[in-house]
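Open your viewer and get ready to click around. We'll go stop by stop, picking something to select and then looking at what is there.

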Amino acid sequence: MNLFSSREDSTRLFGSAASLRHGMIYIIIALAALMSTDVLAHAVTQGDKGYIQEIYGINIIAYMYLGAKHMVTGYDHILFLFGIIFFLYKMKHIALYVSIFAFGHSSTMLLGVYFNIGINSYIIDAIIGLSVVYKAMDNLGAFQRWFGVQPNTKVATLLFGFCHGFGLSSKLIEYDMSSDGLIPNLLAFNIGVEIGQLIALGSILIVMGFWRRHASFYRQAYSVNVVMMSLGFMLIGYQLTGYVVAQ
């Protein structure tokens, strides 16, 4: 499901001056928030980086904590998750899409670190930004209106899940995890990521539940998805700029 069930709906919402004004306000606030922080997708804090480099052996609890912490504070991951469930109302549908996403990012994170498959962090993080843009456009019905096609949302969720997993594995490879206890620690980290994802998902669903009760939900949904798309483009631009500067 997406925001526009008909061309009339899209014309009405796109023509809403109030909706556009709200969207601009949200974008300005989001820009200010992002410019005041270190915008690094899938980053691990310096303290956690040092901890990862220093410990060795099996540390199940520690890596579960690090995984959960990363997910709860991973704004790019949460943005995509937020976009996935934006118009999902039934728990079976939410569970299906979240499971597809979890399978995608879990498999590439584990395999990427184990087989030392590193991808340039700027490039993979730009692709992750693209995933946010894609989901916002999908929610806005842009693919149907602009191109007359509707991408398979399950396949797209899986593919972008793979990208999110490679984003994390690339960071862990850079931080040189000890090979002593690597597999148990990776599994523990992944379990922590899934726990963090459930915490984030629960929080999002609570907020969405209250929000959807208001009659203005669909008008505000347009503005929020425009903001989400704008943030995705910002992430892409930021990462590509970093890639060019680093060369």
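One term to begin with: a residue is buried if its relative accessible area is under 20%, exposed if over 50%, and partly exposed in between, using a 1.4 Å probe and protein chains only. You're looking at a predicted model, where local features need pLDDT of at least 70 and side-chain atom pairs count only at pLDDT 80 or more, while totals for chains, interfaces and linings use all residues. Residues are numbered from 1 along each chain as its sequence is written, and side-chain values use heavy atoms, with hydrogens and water left out.

**Stop 1: the whole chain**

Show the cartoon. The protein chain has eleven helices and zero strands; helices (H or I, at least four residues) and strands (E, at least two) are DSSP runs, numbered from the N terminus. Read along the sequence, the pattern is α-α-α-α-α-α-α-α-α-α-α. Of the 247 residues, 50% count as buried.

**Stop 2**

Select asparagine 116, in the loop between α6 and α7. Is asparagine 116 buried or exposed? Asparagine 116 is exposed, at 53% relative accessible area. Check its backbone too: phi is near 55 degrees, a positive value in a residue other than glycine.

**Stop 3: a nonpolar patch**

Now select Leu111, Tyr114, Phe115, Ile117, Ile119, Ile183 and Leu187, which form a nonpolar patch on the surface. Together they have about 650 Å² of accessible area, worked out by the Shrake-Rupley method with a 1.4 Å probe, where for residues only the protein chains shown count as cover. Patches take residues with over 30% relative accessible area and no salt bridge; like charges are joined within 9 Å, and nonpolar side chains (Val, Leu, Ile, Met, Phe, Trp, Tyr) within 5 Å. Helices α6 and α10 each supply at least two residues of this patch. Click on leucine 187, found in helix α10: leucine 187 is partly exposed, with a relative accessible area of 43%.

**Stop 4: aromatic rings**

Time for rings. A pair of aromatic rings is described by the distance of the centres and the angle of the planes. Rings of Phe, Tyr and Trp (its six-membered ring) pair if their centres lie within 6.5 Å; planes under 30 degrees apart count as stacked, over 60 as edge-to-face and the rest as tilted. By this rule, the count is 15 aromatic pairs.

Select phenylalanine 86 and tryptophan 211. Their ring centres are 5.5 Å apart and their planes sit at 90 degrees, so this pair is edge-to-face. Phenylalanine 86 is in the loop between α5 (75-85) and α6 (91-114), and tryptophan 211 is in helix α10 (residues 182-211), so the pair ties together parts 125 residues apart in sequence. Both phenylalanine 86 and tryptophan 211 are buried.

Hop to phenylalanine 217 and tyrosine 218, another edge-to-face pair, with 5.1 Å from centre to centre and 75 degrees between the planes. Phenylalanine 217 is buried, at 2% relative accessible area, whereas tyrosine 218 is partly exposed at 34%.

Next, select Phe80, Phe101, Tyr134, Phe143, Trp146, Phe147 and Phe160: they form one aromatic cluster.

**Stop 5: charges**

Select arginine 212 and tyrosine 89. Arginine 212 lies over the face of tyrosine 89, 4.2 Å from the ring centre; a charge sits over a ring if NZ of Lys or CZ of Arg is within 6 Å of the ring centre and within 35 degrees of the ring normal.

How many salt bridges does the structure hold? The structure holds one, a salt bridge being a side-chain nitrogen of Lys or Arg within 4 Å of a carboxyl oxygen of Asp or Glu. Select lysine 135 and aspartate 138 to see their side chains meet (2.6 Å, N to O). They are three residues apart in helix α7 (residues 121-139), which puts about one helical turn between them. Lysine 135 and aspartate 138 are both buried.

**Stop 6: around phenylalanine 166**

Select phenylalanine 166 and look for two side chains reaching its backbone. The side chain of threonine 108 reaches the backbone nitrogen at 3.5 Å, and the side chain of serine 169 reaches the backbone oxygen at 3.0 Å. A polar contact is a pair of N or O atoms within 3.5 Å; within protein, one must be able to donate a hydrogen and the other to accept it, and residues adjacent in sequence count only if both atoms are side-chain atoms. Threonine 108 is found in helix α6 and is buried at 8% relative accessibility. Serine 169 is in helix α9 (residues 153-174) and is buried at 0%.
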